[in-house]
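Please look over the sequence and the coordinates together before reading on. The paragraphs after them go from the overall fold to a few selected places.

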Amino acid sequence: MSGTPGFVRTSQAWYGAIALGPCAEPVCIAMYGAQQPRRGELVVEWRALDERPELRVWQDGWDLLARDFSGLLRHMVRLDSACSPDDFCAMLQRLGFADRTIERKPANVEALPRLR
């Protein structure tokens, strides 16, 4: 595996209030490395009033999902009940994923463009 697997919990990030949109809780998963900031992005989303996560994969994420994150898929298949975002993030950490959520706005960031 090249790089370090990590995730960002958007609702906990400093920009979360403007980035959530219609999704109640997205968790972005990617491979992070020193040379390439982020490679292959996947998003696991929870909709309002639903504890069943949905998976979205971008074009550059399919290879990553099949090769590097197959262990994550095996764990998800074994779930026999609803999985909350808290439970999912705890599982990611047990599997060696780093929580890369930045909760406080960095001093060098002026503002984000409007997302909606």
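Predicted model: local features only at pLDDT ≥ 70, side-chain atom pairs only at ≥ 80, totals over all residues.

Of its 116 residues, 34% count as buried.

Two packed helices are described by the angle between their axes and the distance between the axes. For helix α3, which spans residues 70-78, and helix α4, which spans residues 85-94, the angle is about 140° and the axes lie 11 Å apart. Angles over 145 degrees would count as roughly antiparallel, and those from 65 to 115 as roughly perpendicular; α3 and α4 are therefore oblique to each other. Their crossing is right-handed. On the side of α3 the contact is made by Leu72, His75 and Met76, while α4 contributes Phe88, Met91 and Leu92. Sorted by class, the residues in this contact are 5 nonpolar and 1 polar, with no charged residue taking part.

The cysteines are the next topic. A disulfide is a covalent bond between the sulfur atoms of two cysteines, and the structure holds 0 disulfides. Cys89 is in no disulfide, and the nearest cysteine sulfur to its own, that of Cys83, is 8.8 Å away, whereas a disulfide would require the two sulfur atoms to be within 2.5 Å. Cys89 has a relative accessible area of 6% and is therefore buried, since the cut-off for that class is under 20%. Cys28, with a relative accessible area of 17%, is buried by the same cut-off.

How far apart are Asp99 and Phe7 in sequence, and how far apart in space? They are separated by 92 residues in sequence, yet the distance from C-alpha to C-alpha is 5.4 Å. Asp99 is placed in strand β5, which covers residues 98-99. Once the neighbours within four places in sequence are left aside, Asp99 is in contact with Phe7 and Gln93. The relative accessible area of Asp99 is 40%, so this residue is partly exposed.

Terms used:
Residues numbered from 1 in each chain as written. Heavy atoms only, no water. Axes fitted to C-alpha atoms, helices over the stretch in contact; angles between N-to-C directions. Helix = DSSP H or I, 4+ residues; strand = E, 2+ residues; numbered from the N terminus. Parallel < 35°, antiparallel > 145°, perpendicular 65-115°, else oblique. Left-handed = near helix turned anticlockwise from the far one by under 90°. Contact = heavy atoms within 4.5 Å. Nonpolar A, V, L, I, M, F, W, Y, C, P; charged D, E, K, R; others polar. Buried < 20%, exposed > 50% of the residue type's maximum accessible area, 1.4 Å probe, protein only.
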